[in-house]
Amino acid sequence: MQNYDPSSAPSAGAFAALFGAFLIPCLIAGIISIIGMWKVYEKAGKPGWAAIIPIYNIIVLLEIVGKPTWWIILYLIPCVNIIFAIWTLNLLSKSFGQSEGFTVGLVLLSFVFYPLLGFGNYQYLGPAGDGGASGFKPFDPSKDYKDPFNTNPPQA
């Protein structure tokens with residue numbers, strides 16, 4: 001029979017210190033992300049408090065990026081939600097005129113890139129889901145046509 005020696009067991013204080021060492025930085029990063037999201041929502045003309053309401057914040061984010069509200073159902077499907085969350089963040093960065101590199105930053109370092117988007121000089125250009133802010137403007141021959149041989153416009 002073995003005797004249990006309580007002095008050889010790790011103390012509760014060691015667990016509390018280890019827990020606090022991980023918990024406090026995570027809470028700080030989370031609060032910084034929430035503040036950044038709040039500012040991003042306000043820049044997009046939505047209420048900032050919507051960033052702290054679960055589920056509703058995703059609905060508002062889908063409105064910001066120009067996607068339909070029924071996409072919230074896709075966020076409930078395992079594995080599919082990861083794809084659509086990254087896609088939504090890509091559309092968010094496009095809505096502010098940024099590239100895919102900014103999307104990678106939003107995915108991997110959200111506690112840095114959300115405040116950067118919220119407090120930086122980035123302007124909301126409109127929903128990227130409708131193609132307006134993605135930088136692509138379709139060619140309209142009635143407005144955009146320029147004759148390469150004649151610099152004077154034709155007289156009507």
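This is a predicted model: local features need pLDDT of at least 70, side-chain atom pairs count only at pLDDT 80 or more; totals for chains, interfaces and linings use all residues.
Trainee: How is the packing of two helices described, and at what angle do α5 and α6 pack?

Mentor: Two packed helices are described by the angle between their axes and by the distance between those axes. Here helix α5, residues 100-108, packs with helix α6, residues 110-119, at an angle of about 125°, and the axes lie 6 Å apart. The two helices are therefore oblique to each other.

Trainee: Which residues of α5 and α6 meet?

Mentor: From α5 come Phe-102, Gly-105, Leu-106 and Leu-108, and from α6 come Ser-110, Phe-113, Tyr-114, Leu-116 and Leu-117. By type, the residues of this contact comprise seven nonpolar, two polar and no charged.

Trainee: How does one read the side of a helix that is buried, and which residues of α2 are buried?

Mentor: An α-helix has 3.6 residues a turn, so residues three or four places apart point the same way. In helix α2, residues 56-65, the buried residues are Asn-57, Val-60, Leu-61, Leu-62, Ile-64 and Val-65. After α2 comes Gly-66, with a positive phi near 85°.

Trainee: How can the length of a helix be checked, and what span should α4 have?

Mentor: Helix α4, residues 80-95, has 16 residues and should span 22 Å at 1.5 Å a residue; its end C-alpha atoms are 22 Å apart, which agrees. The buried residues of α4 include Phe-84, Thr-88, Leu-89, Asn-90 and Lys-94. Just after α4, Gly-97 takes a positive phi of about 80°.

Trainee: How many residues does the largest nonpolar core have, and which have the most contacts inside it?

Mentor: The largest nonpolar core has 20 residues, and those with the most contacts inside it are Val-40, Tyr-41, Ile-64, Leu-92, Leu-106, Tyr-114 and Leu-117. The elements giving two or more residues to this core are α1 (12-43), α2, α4, α5 and α6. Helix α2 gives the most to this core, with four residues.

Trainee: With which residues is Val-40 in contact, leaving aside its neighbours within four places in sequence?

Mentor: On that basis, Val-40 is in contact with Leu-92, Phe-96, Tyr-114, Leu-117 and Gly-118. There is also a second, separate core of five residues, which includes Trp-71, Leu-74, Tyr-75 and Phe-84.

Trainee: Turning to the loops, where is Trp-70 found?

Mentor: Trp-70 is found in the loop between α2 and α3 (71-74). To judge exposure, one consults the relative accessible area: for Trp-70 the value is 51%, so the residue is exposed. The C-alpha atoms of Trp-70 and Ile-59 are separated by 8.8 Å, and these residues are 11 residues apart along the chain.

Trainee: What is the phi of Ile-55, and what is the phi of Cys-79?

Mentor: Ile-55, in the loop between α1 and α2, has a positive phi of about 70° although it is not a glycine. Cys-79, in the loop between α3 and α4, likewise has a positive phi of about 70° and is not a glycine. Cys-79 is exposed, with a relative accessible area of 59%.

Methods
Residues are numbered from 1 along each chain as its sequence is written. Side-chain values use heavy atoms; hydrogens and water are left out. Axes are lines fitted to C-alpha atoms, for helices over the stretch in contact, and angles run from 0 to 180 degrees between N-to-C directions. Angles under 35 degrees count as roughly parallel, over 145 as roughly antiparallel, 65 to 115 as roughly perpendicular and the rest as oblique. Contact means heavy atoms within 4.5 Å. Ala, Val, Leu, Ile, Met, Phe, Trp, Tyr, Cys and Pro count as nonpolar, Asp, Glu, Lys and Arg as charged, and the others, Gly among them, as polar. Buried means under 20% relative accessible area, exposed over 50%, partly exposed in between (1.4 Å probe, protein chains only). The expected span of a helix is 1.5 Å times one less than its number of residues. A nonpolar core is a set of buried Ala, Val, Leu, Ile, Met, Phe, Trp, Tyr and Cys residues joined through side-chain atoms within 4.5 Å.
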